[in-house]
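Dear colleague,

Please find below the sequence and the structure that I am handing over to you. A summary of what was found follows directly after them.

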Amino acid sequence: MWETAPPDLRSPLLVAAYHGWFDVGGAATGALEWLSERSESQQIAHIDGEEFFNFAEQRPSVSLRDGRREISWPRNDIHVLRPLDGEHDLVLVVGAEPQLRWQTYAEAIVELAARSQTTALVTVGAHLADVPHTRPFEVTGSTSDSAQAEAWGLSSPSYEGPTGVVGVLHERFEKLGIPAVSLRVAVPHYVSSSPNPKGSRALLERFERVTGLATGWAELDEAAADWEERVNNAMNFDDDVVAYVRRLEARADARAKRSVPSGEDLGAEFERLLRQQGNPD
């Protein structure tokens, strides 16, 4: 449902996140909502939920305005964000994961990509892992497009098994020859409730690092610190949980020591940064 014609965009990236299975703690949708709420973003469309949601599972909400009921239906909102710096604009798709007619839904996203002349699809997600809430959250990225993998420092996909609408979109875009990238943040399995601003912050930081587009992730520092303090306060009443987190911290610290980058790794990362900045040398 188009609310305005798509504006002229600079080599746009289509970035999507969905509440549900691949969004533990709302970290992924929280990251895109953070971007879409910035003053320079513009909502251009939404995907009506009538065809794609089972309303007995994804229920609409009711509110009262001037004594009258108003229903808000599940849908996906679409914003464009045009950063002042950088070579890409962003087309943001955020909302609940549809439950019905995924192939038809994928065609709607392909239509959006065609009308906005998208150059790549980027999906962001969050999954449970054995990681402590007190250490930086790791974000992994993958793509089957070798050129995009080299430019952004990503690995090849390795997951096989049940998938969500994100997997359907990746397959559809890859068949069309459009690079599809997945960024995933690992969040503590013992803190899965929403919101998780620390996870959102980690995703935005990695997205900025690989694309060169400013996301304002540092503005979430205070919210992430407050979240970590609340988790600390909640678990301090359980000695077993405290001991378990200490073990996770020790394992995380050991992994961090083993993964200190070599001089060659740092050089390759610096070269990618220069390419993003358009430095021919």
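**Salt bridges**

The count of salt bridges in this structure comes to 13. Please bear in mind that the model is a predicted one.

Glu51 counts as partly exposed, because its relative accessibility is 41%. Arg101 is likewise partly exposed, with a relative accessible area of 46%.

Another salt bridge is formed by Lys198 and Glu228, with 2.9 Å between the closest N and O atoms. Here too distant parts of the chain are linked, since Lys198 belongs to helix H5 (residues 197–211) and Glu228 to helix H6 (residues 221–235), 30 residues apart. Lys198 has a relative accessible area of 11% and is therefore buried, the limit for that term being under 20%.

A further pair lies within one helix. Glu171 and Lys175 are both in helix H4 (residues 165–175), 4 residues apart, which is about one turn of the helix. Their side chains meet in a salt bridge of 3.4 Å, N to O. Glu171 is partly exposed at 42% relative accessible area, whereas Lys175 is exposed at 63%.

Strands of a sheet pair through backbone hydrogen bonds, either parallel or antiparallel. In this model, 7 strands form an open sheet with mixed pairing, in the order S2-S5-S6-S1-S7-S9-S8. Its edge strands are S2 (42–48) and S8 (139–143), each of which pairs on one side only. On average, neighbouring strands of the sheet are turned by 20° against each other, direction ignored.

Strand S7 (residues 120–129) is mostly covered, as 8 of its 10 residues are buried.

Helix H1 (residues 27–36) lies across S1, S5 (75–81), S6 (90–96), S7 and S9, and runs at about 130° to S6.

**Individual residues**

Beyond the residues up to four places away in sequence, Leu81 touches Leu35, Arg38, Glu40, Ser41, Asp89 and Leu90.

Ser144 is placed in the loop between S8 and helix H3 (146–152). With 46% relative accessibility, Ser144 counts as partly exposed. Leaving aside neighbours within four places in sequence, Ser144 is in contact with Pro157, Glu174 and Ala180.

Finally, Val62, Ile71 and Trp73 make a nonpolar surface patch of about 300 Å². Trp73 lies in the loop between strand S4 (68–72) and S5, and is partly exposed at 48% relative accessible area.

Yours sincerely

Notes. Residues are numbered from 1 along each chain as its sequence is written. This is a predicted model: local features need pLDDT of at least 70, side-chain atom pairs count only at pLDDT 80 or more; totals for chains, interfaces and linings use all residues. Side-chain values use heavy atoms; hydrogens and water are left out. Buried means under 20% relative accessible area, exposed over 50%, partly exposed in between (1.4 Å probe, protein chains only). Helices (H or I, at least four residues) and strands (E, at least two) are DSSP runs, numbered from the N terminus. Two strands pair if DSSP finds at least two bridges between them. Axes are lines fitted to C-alpha atoms, for helices over the stretch in contact, and angles run from 0 to 180 degrees between N-to-C directions. Contact means heavy atoms within 4.5 Å. Patches are made of residues with over 30% relative accessible area and no salt bridge: like charges are joined within 9 Å, nonpolar side chains (Val, Leu, Ile, Met, Phe, Trp, Tyr) within 5 Å. Accessible areas come from the Shrake-Rupley method with a 1.4 Å probe; for residues, only the protein chains shown count as cover. A salt bridge is a side-chain nitrogen of Lys or Arg within 4 Å of a carboxyl oxygen of Asp or Glu.
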